[in-house]
Amino acid sequence: MDLNSPIFDRIRVKREPRQAEPERAKVVCDHPGCDQPGAHRAPMGRLREGQYFCFCLDHVREYNANYNYFNGMDDGAVSRWMKEDTIGHRPTWAMGVNRAGKNFREDPAAFRDPFGMFGGRTPRPRAEDKPSPYGIAARKALTALGLDESADGPAIKARYKELVRRLHPDVNDGDRSGEDKLREIIRAYNYLRTAKLV
Ligand SMILES: [Zn+2]
């Protein structure tokens, strides 16, 4: 409850807000010095939804004329409020942002991503954990790149780049003699990527 709000400076009332709907017949206008029946309810405003002042007709008109639900909020806050109003003022996940994946990436130990759905990779078993983590196809692919099973992802990538640079016709004055070898290397590298070894 914000009693320092401008709305309460301007609109003076006699006493504390009513919590429940009053018996109107017995209620006197909440405006100071007014003894008219307070037959007209006026909402207290934002953050006090469901609470009302009771005014006579004259004073409810005065109150309504000055009433600004968004008092004290700047334009940005008003538009945010209106947006939130459509979703019930509950916190929501930002749309279009994979917050779960992002959060998990910040704590990789808490999260495994076996299908690469969040753009991460499940850590590969290291050579010392498993004597031969690579299947036959992977070993053939490594051989095609001139590597053995000790090569890790970055080493495979570096080797691939080096071979492409060396064999590509564009960097060999159009010499196509390395093309078959290059094709084999690309195929091998693509396999290793598919197998998530790079
Ligand atoms: Zn009154």
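Which exposed residues does the face of helix 5 turned away from its buried side carry? I started from this question and found Ile136, Lys140 and Thr143 there.

**Entry 1: ground rules**

I am working on a predicted model, in which local features need pLDDT of at least 70 and side-chain atom pairs count only at pLDDT 80 or more, while totals for chains, interfaces and linings use all residues. Residues are numbered from 1 along each chain as its sequence is written, and side-chain values use heavy atoms, with hydrogens and water left out.

**Entry 2: the chain as a whole**

I looked up the secondary structure and noted seven helices and two strands, where helices (H or I, at least four residues) and strands (E, at least two) are DSSP runs numbered from the N terminus. Read from the N terminus on, the order of elements is α-β-β-α-α-α-α-α-α. Of the 198 residues in the chain, 30% are buried; buried stands for under 20% relative accessible area, exposed for over 50%, and partly exposed for what lies in between, with a 1.4 Å probe and protein chains only. The chain exposes about 14100 Å², of which carbon and sulfur atoms supply 51%, the areas coming from the Shrake-Rupley method with a 1.4 Å probe, and for residues only the protein chains shown count as cover. I also noted that, among contacts (heavy atoms within 4.5 Å) between residues at least 6 apart in sequence, 38% join residues at least 24 apart.

**Entry 3: the zinc ion**

I then listed the ligands of the zinc ion, which are Cys29 (SG), Cys34 (SG), Cys56 (SG) and His59 (ND1), at 1.9 to 2.3 Å. Donors here are N, O and S atoms within 2.8 Å of the metal (3.2 Å for Na, K and Ca), and since water is not among the atoms, sites may look incomplete. The arrangement is tetrahedral because the four donor atoms subtend angles of 101 to 119 degrees around the zinc ion. For four donors, that term requires all angles to lie between 85 and 135 degrees. Along the sequence, the spacing of the donor residues is C-x4-C-x21-C-x2-H.

**Entry 4: helix 2**

Staying with the helix that holds His59, I noted His59, Val60 and Tyr63 as buried residues of helix 2. Seen down the axis, the buried residues of helix 2 fall within an arc of 100 degrees, so they line one face of the helix; the arc is that of the directions from the helix axis to the C-beta atoms. On the other side of helix 2, I found Asp58, Arg61 and Ala65 exposed. The cover over the buried residues of helix 2 includes strand 1 and strand 2 (52-55).

**Entry 5: helix 5**

I returned to helix 5 (136-144), whose buried residues are Ala138, Ala141, Leu142 and Ala144. Down the axis of helix 5 these buried residues fall within an arc of 155 degrees, so they line one face of the helix. They pack against helix 6 and helix 7. Turning to the exposed residues, I read a relative accessibility of 61% for Lys140 and 55% for Thr143. Lys140 and Ala188 are 48 residues apart in sequence, with 7.9 Å between them in space, C-alpha to C-alpha; for Thr143 and Ala188, the corresponding values are 45 residues and 8.8 Å. Just after helix 5, Gly146 takes a positive phi of about 75 degrees.

Helix 6 (residues 153-167) has 15 residues and reaches 21 Å from its first C-alpha to its last, close to the 21 Å expected at 1.5 Å a residue, the expected span being 1.5 Å times one less than the number of residues. I listed Gly153, Ile156, Tyr160, Leu163 and Leu167 as the buried residues of helix 6. These cover an arc of only 95 degrees around the axis, which puts them on the same side of helix 6. The face turned away from that buried side carries the exposed residues Pro154, Lys161 and Arg165. What covers the buried residues of helix 6 includes helix 5 and helix 7 (179-194).

Finally, I checked Lys196, in the segment after helix 7. Lys196 is not a glycine, although its phi is positive, at about 60 degrees. With 42% relative accessibility, Lys196 counts as partly exposed.

Notes: Tetrahedral: all angles 85-135°; square planar, octahedral: opposite > 155°, others 65-115°.
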